[in-house]
Amino acid sequence: MLRSRILSTGMYVPPLRVTNHDLSKLMDTSDEWIRQRTGIEQRFWVEGNESTSDLALKASELAIERAGIQKSEIEMIILATLSPDHEFPGTACFLQKKLGIPGIPALDVRQQCTGFIYSMAIADQFIRNGVYRNALIVGAEIHSKGLEKSDRGRDVTVLFGDGAGAVVLGAVEVKDPKKDSFLLSTHLHADGTFAEELWTPAPGTGNSKDRVGASELEQGLHWPRMNGKTVFMHAVKRMPEALNEGLKANKLSPADIDLFVFHQANLRINDMIAKQFGIPEEKVFNTIQKFANTTAATIPIGLDEAVRAGKLKKGMLVASAAFGSGFTWGSAIYRF
Ligand code: ACO
């Protein structure tokens, strides 16, 4: 049975560490408020001209090297981001140029916090159908250039950080589905009814005359807006649903899973899910304290951090679930 499996992981965050105290100098917030509500202690921000594809490149180079393959053996690039280098073309094309592997398909995924799970699902289809053997999948974000660093933007700004995570997904002939490493399932969902509960309205053709003009800028439509309570309410419902769906499809119980690497939007969301499923604390790998919410990058960053911390080892059964803007949500179950 031809399937895909994670061959390697890589990650990169820029060097500038921004603590909650640092943010409190820019806006009316406090370390106590941020920690209590979200679990976040710090995040990393780029300085100067670094772009999303620069971060993606560093994470990708590590993942490719650790996969033990040449760059030329990558047959497809999928990059998930909500903070692209430019409006168009897609950031995957800029990454491709920097990697120096022209000719292969390069695809951007715009599913925000669920972007990495959507990307895994897409690559898996190409691999299990025998079209490609190795796909590079990247989640990368530079939030810091798109956050309103003032009192008006504080509810969103404190939540996000910059970073990139990458995996190489490769083809594998599965002989023993109970033991071999492979991607068992992905489940994807979206409900555009809630598209405007967490969004950045401009630039875009959904605005009046110009995609971004003086009026849009004056109204601050180029800054992200979030109805935090609605997002929270849906996240604690949809992530467990998607996780359950994945477990059920594979006839697994939460106790069968060795490690849960969830999206990192809020420590309270992940704690609630763990409680609901009776998952012991040591089986949930959280990174939000260190990196905040890096949107499409949280899951691959979590995987790479878990490998380096010795918490994620070959042969372990892993479950990921995510929820984010769109609304979009989904899950993936894989033997690492
Ligand atoms: N610092 C200090 N005070 C703040 C801040 C801040 N940064 N932000 C808001 N407040 C104030 C509010 O103004 C409000 O004041 P008021 O009571 O005087 O009106 C008070 O704090 C409480 O605000 P709430 O919105 O009720 O806080 P809540 O407990 O809901 O927590 C939070 C807010 C952390 C944003 C929470 O709602 C949450 O985590 N939501 C989900 C976020 C998420 O999952 N995003 C999706 C992923 S992102 C993606 O897909 C791109």
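Biologist: H5 is mostly covered, but how many of its 14 residues are buried?
Modeller: Bear in mind that this is a predicted model, where local features need pLDDT of at least 70, side-chain atom pairs count only at pLDDT 80 or more, and totals for chains, interfaces and linings use all residues. Residues are numbered from 1 along each chain as its sequence is written, and side-chain values use heavy atoms, with hydrogens and water left out. Helices (DSSP H or I, at least four residues) and strands (E, at least two) are numbered from the N terminus, and buried is under 20% relative accessible area, exposed over 50%, partly exposed in between (1.4 Å probe, protein chains only). Phe116, Tyr118 and Asp124 are among the buried residues of H5, and the count is 10 of 14.

Biologist: What span does H5 reach from its first C-alpha to its last?
Modeller: The expected span is 1.5 Å times one less than the number of residues. For H5, residues 115–128, that expectation is 20 Å, and the model comes close to it, reaching 20 Å.

Biologist: Where does the largest pocket lie?
Modeller: On a 1 Å grid over the protein atoms alone, a pocket is an open set of points where a 1.4 Å probe fits, with protein on both sides within 12 Å along at least five of seven lines, and lining residues have an atom within 4 Å of a point. Domain bounds come from an automatic or database assignment. Both domains give residues to the lining, so the pocket lies between domain 1 (2–173) and domain 2 (182–335).

Biologist: And which element gives the largest share of the lining of the second largest pocket?
Modeller: That pocket has 25 lining residues, including Met226 and Phe232 near its centre. Helices H2 (31–38), H8 (228–249) and H9 (267–277) and strand E12 (317–324) each give two or more. The largest share, six residues, comes from H8.

Biologist: Is the pair of Phe194 and Phe327 stacked or edge-to-face?
Modeller: Rings of Phe, Tyr and Trp (its six-membered ring) pair if their centres lie within 6.5 Å; planes under 30 degrees apart are stacked, over 60 edge-to-face, the rest tilted. Here the centres are 5.1 Å apart and the planes at 10 degrees, so the pair is stacked.

Biologist: How many residues apart in sequence are the parts that this pair ties together?
Modeller: Phe194 sits in the loop between E8 (183–190) and E9 (198–199), and Phe327 in the loop between E12 and E13 (328–335). So the parts tied together are apart in sequence by 133 residues.
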